[in-house]
Amino acid sequence: MLSALLLSLAGLCSQEPSLPGPDPLDGAEAISNSVTRLARELDRAYLATGDPLGGDVGEAWIDADARAVVVGDSAKGSSAKGDATEEDGRAKSTWSTATAPRPISVARALDVALVLDASTGPEDAAEDVRAAFSAVTEALGGRPTRAAEVSSKAVLPTGDGGWDVRLRVRHLRQAPGGGAASVRSIWNLRVTEAPEGPLRILGWAAAITERVALAGEPASEPAFEDVTGTLLGATPATAGLAESIMDLRDRLDVDVGVGLLGHHGVAVADVNGDGLEDLYLCQPGGVPNQLWLRLPDGGFMEAARGGGLDLVDATTSVLFVDLDRDADLDVVLGLASGVVVLARTDQGYVEAERFERTGVTSLAAADINMDGLLDIYACAYANPYDGSTFPLPYHDAENGQANLLIANVTEEPDQLILGDATVETGLDRDGSRFSFAATFEDVDDDGDPDLYVANDFGRNTLYVNNGTGYFRNMAPELGVEDVAAGMGAAFADLDRDGRVDLYVSNMESSAGRRITAQGAFQSDADEGTLSLYRRHAKGNTLFLRSPEGGFLESGLATAGQWAWGGIPVDLDGNGWLDLFVPNGFVSASRRGAPDL
Amino acid sequence: MVSRSPLNESTDGAPVGEADSSGTGTSSDRYFEGWADLNERLRRGEPWSGGERNAAFINSGSADVDRADVDFVDAGPVLGLDYPDDGRSAARMDIDFDGDDDLIVSNRTAPRVRVLANRLADGAEHLAVRLRGTASNRDAVGGVVFATTTSVDGETETQRRTRSAGSGYLAQSSAWLRFGFGRRGGGARPARARRVKLQVRWPGSQALEDFGEVRTGRRYVLVEGQGTASEASAPNRLVLSPGPLLAAPSELDGRRRLVLPSPTSIPGLELRGRGGRAGRVFGLTPDGPLGTGRNTVVAVWDSSDSAAIQGLGDLAALSSSAAGADVALVSVDLGGQRVEASSVAGAPDPLDFSSTRLAAAGWGGGVFAPIGEAALIVPELVSWRLDRADPPPLPWFLVFEPDGRLAIVRTGAWRAGDLEADLSVFAQPLLQRPAWSTPFPGRWADPPGEADLGRLRSRLVRRGALGAARELELGRIKTVSLGSAEVKIRLGRADLERGDLEGAVARFDAAIELEPSSALARRGRAYALHRLARYPEALDEWTRALALEPRDIATLGNRALAAVAAGNLEVAREDLNELTRREGVAAPVVRAVWQAVEDASQLPSSGQGAGSGDGEDGGDGLDAPGEGGTR
């Protein structure tokens, strides 16, 4: 945590203004990349030969001046001496989910500090490297089955031309019939830049910080399996789903509207009222949205066309809700051109209303004024990634598009009467903040729905309902502003104290750190502003409801990387809600594409 | 909304050269440039926080009484949930009717959807509940269910679930609320179901409605006000074998066919044919696009690439189809231009070489090479339609409407039947075009509108094709209003920049007629007259402009120069004195006027006035008319 902060500070204080993109790399980052490559090479050699130094370069990595490492306990800030082992610095806390069918066991330990011994030589350093890999294998119960993954890194100069580099590494072993285990370790490397050629290792200290293992029956099966193809088959519709956004962009005209970032949601609802829940998949421009109807035999059939729900407009989100109390589900669609509401009638879907916006993100429904009719909140996102608007200021931008509250005052079935009541409900305040997600929940247990909105470039809003459908933003008072790049939000009682908690998906990791380096543009920014920038990249936030009324930031479940729609869901069936977090911003387009 | 937008000038209306100044000075410029740079990188397919593994934080719960002591650990890798997809939206749903929640995840990367069946919770006890509102909204959105179990020693545990519509990101999850109770004992299934007490707080209420005790392993519907849970039949449990969505093999092979949802005007292309013929095709005028009157296919290739002629594909089929369908064929050889640049007088025309090779391949159309900006425009057209920084490899085929609007862009080798396919698009009403723009059938709620010429203009400016960029200005203002003085002034400025001085005078005349007090129009007219060497008229017009804006230094300087050229040295000297007083002797404008007056005093012929040269503004002091003298 501390080292990440130091790096982001370094970025903020650098002389060169940094672009938000991956470049330019400063010296420290270049070193860390080299060290990462080196670590991966050793890992590859280990996977191939059983010896991390058994690869092409092997012990040539080890500098002639290398020494054995003496492990210290960084938590105490002291350097241990003599024959201390990593076990000494370890705080063991093993627990298992005893009531779950397949126990997941977790052990955690503390980090170590790197201290080079005064007298030993390169042979001992090589032994340290080998010992690090052996320890991982021991913890995994066998050799890893996939390459090590480096999730974060920190670099500090040692002052004499060397560098201390900390890598957080994760290894996984998936053994057929034997469950799975993952091990996180911290690799502390001291390296020196060789006069010519690659980096050399001066010392290597590794510490296992976390071990997660899945066991129990049926251990022969993965805990989760992708069954999409089994359920949906292989049809023209699934062919469209199998194509990445970049592939679709590569073969459709730009105005067809395949957005670069692939924001297309999913909905689960019993669309045709047969008692079985169906699946609606929002699609980019040019690809019709898909309605997968559940068949009595458990299969699925794509039927968007028959129902008139095969919109080819770029669609981000959809809600299936009964807006007119006639026991069928009407449809609210978030499109690139605004919100479109379709009434379900005996004659099929009939367009009832549309509200123009250039780009809608999440939708949420609740009966805000207790008249028995569901109202709709729509987030409108002004998109800096297509150049139409840029957030100003980056860390607290309020120059986006206006979000929308659609009030439902329908009187007759199928005759939807909807109107823009954003101002009347007080939701115009703080309502133009590049919003990605919104969700209703009665946070104060007074019987009316309140509304949380996650905003991309700055503070989030928690609109508290006064009981009549008029809202006031009380995020500051309740402690949930969560200044960050907010992308998803969900309420649930995660600690089982009977009160709802809040999980906000944000941006984390080195990419986010580079975004915060945009703070360098704000050369006159004060410390308060700078800390806001830093917070922007700190990861997801789990707010636990405090008995006193507000929310407390827990520091838990933060490391979700560039996270989008994290949701609470009981994955292991033990009654405690877990958090699943889809993440990743933009992966490289497929290599070997004919035109690249 | 932000007024500043470096990527899309389609709304700012700023003329070329002002909106696109690199502006490296301020931090906000760097900020916007940073965004522009980021967007360009992303469009190139460069990664940014890509390949991240989805996370699954398992809640350890707590055995302690202190319930705040929850903890989470990312178990994604051991659970098989750590796909490196660019994940976006997630929803929960019991896909296999086994009682536990499974996951539906949408991705930006392929596969763009994953249904992930939960085996982890197999064997645990579950309970599923659905709400139906009667007084409250029928879906009972906002309803809260409390499920309480009591252990043998009397301790109770309660789980809380809310029926929501819209949660997470872009997601609506199942209306079934699920409660898990783990598995009692080891190994075997529980002998008896657990009893669970259900209470509901309906939307709009603070009171709890009691639904009594139900048993795990079943599904119940709770109707508001009924007080008893009614059991719902559950579908048979499915056993789903693993099988992700199969990726379709890519058939792209470099061949693309982009049907524009709305055909678009393009800047004119100046082309050179064999034997010194040259001409201009397509382009915009204030009255609309320029076409050939026929559907036209422009084949773009590079003769300097030895494999290019094969790469063009079946030219004979294209030629014979075109001849039969009255379609014009034009080839544009981008490689020829490079040869041309180094060719010496008397050398054979490189187009002869192109022509020979094309003819041998069965080409039956015109053979051309681009002149000037055409070589920049054509690649930008293709990149623009693909929204990427650089175009894919040649060849490209641009298919035009008879009126000169670009309708279809193809890349890769031509195949027999392609023209017929395109003609079938043209045979349909224009309103149908959006339906043709995607190979997937579907319904447009809001079909795409006209192409964004502002973006093309920005691209052309970046490539230095300023003439084409100005032409797009013309095309754009046509859609605004041709009637206003402002538009006439813009047209006049565009004429000026193209060198059409007479045309410019006419435009400014029209503008002045509409708005006699427009200093902008008068400065423009004066400038055009000046460049036309109609110095006495220019002098009068500068004088009128100066009367409207007496403080404008450029106007004063220009009037002095016009006075010199018109032989009126008295006015020129007065203006020089005034300029010197205001700007000081070192100001460039003062020195330019001083030099002109000095020269004229020694050579009292009227034909050699300063500023009457080629108009390239070589420090002669004649400033092009700006938007105003206020900056």
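In this predicted model, Gly584(B) takes a positive phi of about 85°. Helix 17 spans residues 569–583, 15 residues in total.

Helix 17 of chain B has a buried side. Ala572(B), Asp575(B), Leu576(B) and Leu579(B) are its buried residues. They cover an arc of only 110° around the axis, so they fall on the same side of helix 17 of chain B. The face turned away from this side carries the exposed residues Glu570(B), Asn577(B) and Arg581(B). The buried residues pack against two elements of chain B, helix 16 (553–565) and helix 18 (588–602).

Helix 14 of chain B, residues 519–531, contains 13 residues. From its first C-alpha to its last, helix 14 of chain B reaches 18 Å, close to the 18 Å expected at 1.5 Å a residue. Helix 14 of chain B is mostly covered, with 13 of its 13 residues buried. Just after helix 14 of chain B, Ala533(B) takes a positive phi of about 65°.

Packed helix pairs are described by two quantities, the angle between the axes and the distance between them. In chain B, helix 4 (residues 315–325) and helix 8 (residues 418–426) have axes that come within 9 Å. These axes cross at roughly 35°. Helix 4 of chain B contributes Leu318(B), Ser321(B), Ala322(B) and Ala325(B) to the contact. Helix 8 of chain B contributes Leu419(B), Glu420(B) and Leu423(B). By class, the contact of helix 4 with helix 8 of chain B has five nonpolar residues, one polar and one charged.

The strands of chain B were examined next. Strands of a sheet pair through backbone hydrogen bonds, in either a parallel or an antiparallel manner. Four strands of chain B form an open sheet in the order 8-7-11-12, with antiparallel pairing. Strand 8 (156–162) and strand 12 (209–215) of chain B are the edge strands, and each pairs on one side only. Neighbouring strands of this sheet are turned by 25° against each other on average, direction ignored. Within chain B, strand 7 (residues 144–150) runs antiparallel to strand 8, and seven bridges join the two. Phe146(B) stands opposite Arg160(B) in strand 8 of chain B.

A hairpin is also found in chain B. Its strand 13 (residues 219–223) and strand 14 (residues 229–232) run antiparallel and are joined by four bridges. Val221(B) has Ser230(B) in strand 14 of chain B as its bridge partner. Five residues lie between the strands of this hairpin, in which Gly225(B) takes a positive phi near 90°.

Chain B has 18 helices and 24 strands. Of its 631 residues, 50% count as buried. Among contacts in chain B with a separation of 6 or more, 61% involve residues 24 or more positions apart. Chain A has 10 helices and 31 strands. Buried residues make up 60% of the 596 residues in chain A. Of the contacts in chain A between residues at least 6 apart in sequence, 55% join residues at least 24 apart.

One residue of chain A was examined individually. Glu123(A) lies in helix 3 (residues 122–140) of chain A. With 11 other C-beta atoms within 10 Å, Glu123(A) is exposed, because a residue with 12 or fewer counts as exposed. Glu123(A) and Val331(A) are separated by 208 residues in sequence and by 69 Å in space, C-alpha to C-alpha.

The contact between the chains takes 150 residues from chain B and 172 residues from chain A. Helix 1 (residues 27–43) of chain B gives the most to the side of chain B that touches chain A, with 12 residues. The residues on that side of chain B divide into 73 nonpolar, 46 polar and 31 charged. Strand pairing also links the chains. Strand 10 (residues 266–269) of chain A and strand 9 (residues 171–172) of chain B run parallel and are joined by two bridges. Ala267(A) stands opposite Gln172(B) in strand 9 of chain B.

Key
Residues are numbered from 1 along each chain as its sequence is written. Chains are lettered from A and ligands numbered from 1 in the order in which they are written. This is a predicted model: local features need pLDDT of at least 70, side-chain atom pairs count only at pLDDT 80 or more; totals for chains, interfaces and linings use all residues. The expected span of a helix is 1.5 Å times one less than its number of residues. A residue is buried if 20 or more other C-beta atoms lie within 10 Å of its own, exposed if 12 or fewer, and partly exposed in between; C-beta atoms are placed from the backbone. The arc is that of the directions from the helix axis to the C-beta atoms. Two residues are in contact if their C-beta atoms, placed from the backbone, lie within 7 Å. Ala, Val, Leu, Ile, Met, Phe, Trp, Tyr, Cys and Pro count as nonpolar, Asp, Glu, Lys and Arg as charged, and the others, Gly among them, as polar. Two strands pair if DSSP finds at least two bridges between them. Axes are lines fitted to C-alpha atoms, for helices over the stretch in contact, and angles run from 0 to 180 degrees between N-to-C directions.
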